[in-house]
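Let's take a walk through a protein chain together.

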Amino acid sequence: MSDTNLDKKNVDQVNIEAIHDKDLRIVLGSLGLSESIDNGTLLCKFCSRPIKWDNIGAIFLKKGNVTICCNMVECLNNLKSMG
Ligand SMILES: [Zn+2]
């Protein structure tokens, strides 16, 4: 069951993304956000694209607020500049 995600991944990305994916699901599940991602209703803070499991760029926790952005370089840079 836990390996079903691997089928969707490119072979050269499996090792990295499989680890991220597990961590992300645990983290996002604990935040109650995994359903929103499955439904495509969670949006990137910066570009407002739907966040999916394969385009999550970063999760940023600050003072109880969760910021999530996609994996586009511009959005990641925006997140960094937020400190
Ligand atoms: Zn974005």
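We start with the overall layout and then move to the details.

What you see is a predicted model, in which local features need a pLDDT of at least 70 and side-chain atom pairs count only at pLDDT 80 or more, while totals for chains, interfaces and linings use all residues. Residues are numbered from 1 along each chain as its sequence is written.

The chain has three helices and two strands. These names come from DSSP runs, numbered from the N terminus: helices are H or I runs of at least four residues, and strands are E runs of at least two. Starting at the N terminus, the order is α-α-β-β-α.

How confident is the predictor? pLDDT is its confidence in each residue, on a scale from 0 to 100. The average for the chain is 77, and 73% of the residues score at least 70. Helix H1 (residues 14-30) has the lowest confidence, with a mean of 67, whereas H2 has the highest, at 92. The pLDDT stays below 50 over residues 8-17, and this stretch has three contacts in the model beyond near neighbours in sequence. Here a contact means that the C-beta atoms of two residues, placed from the backbone, lie within 7 Å.

Now find the two strands. S1 and strand S2 (residues 65-70) run antiparallel and are joined by six bridges; strands pair if DSSP finds at least two bridges between them. Across this pairing, alanine 58 stands opposite cysteine 69 in S2. Together the strands form a hairpin with two residues between them, and lysine 63 in the turn has a positive phi of about 50°.

Serine 48 also has a positive phi, of about 65°, although it is not a glycine. Most residues other than glycine have a negative phi. You will find serine 48 in the loop between helix H2 (34-39) and strand S1 (56-62). Serine 48 counts as exposed because it has 10 C-beta neighbours inside 10 Å. The cut-offs count other C-beta atoms, placed from the backbone, within 10 Å of a residue's own: 20 or more is buried, 12 or fewer is exposed, and in between is partly exposed.

Buried residues make up 12% of the 83 residues in the chain. The largest nonpolar core has 10 residues, including Leu28, Ile37, Cys69 and Leu79. Such a core is a set of buried Ala, Val, Leu, Ile, Met, Phe, Trp, Tyr and Cys residues joined through C-beta atoms within 7 Å. S2 gives the most to this core, with three residues. Leaving aside neighbours within four places in sequence, leucine 79 is in contact with Ala58, Phe60, Thr67 and Cys69.

Methods:
pLDDT = per-residue confidence, 0-100.
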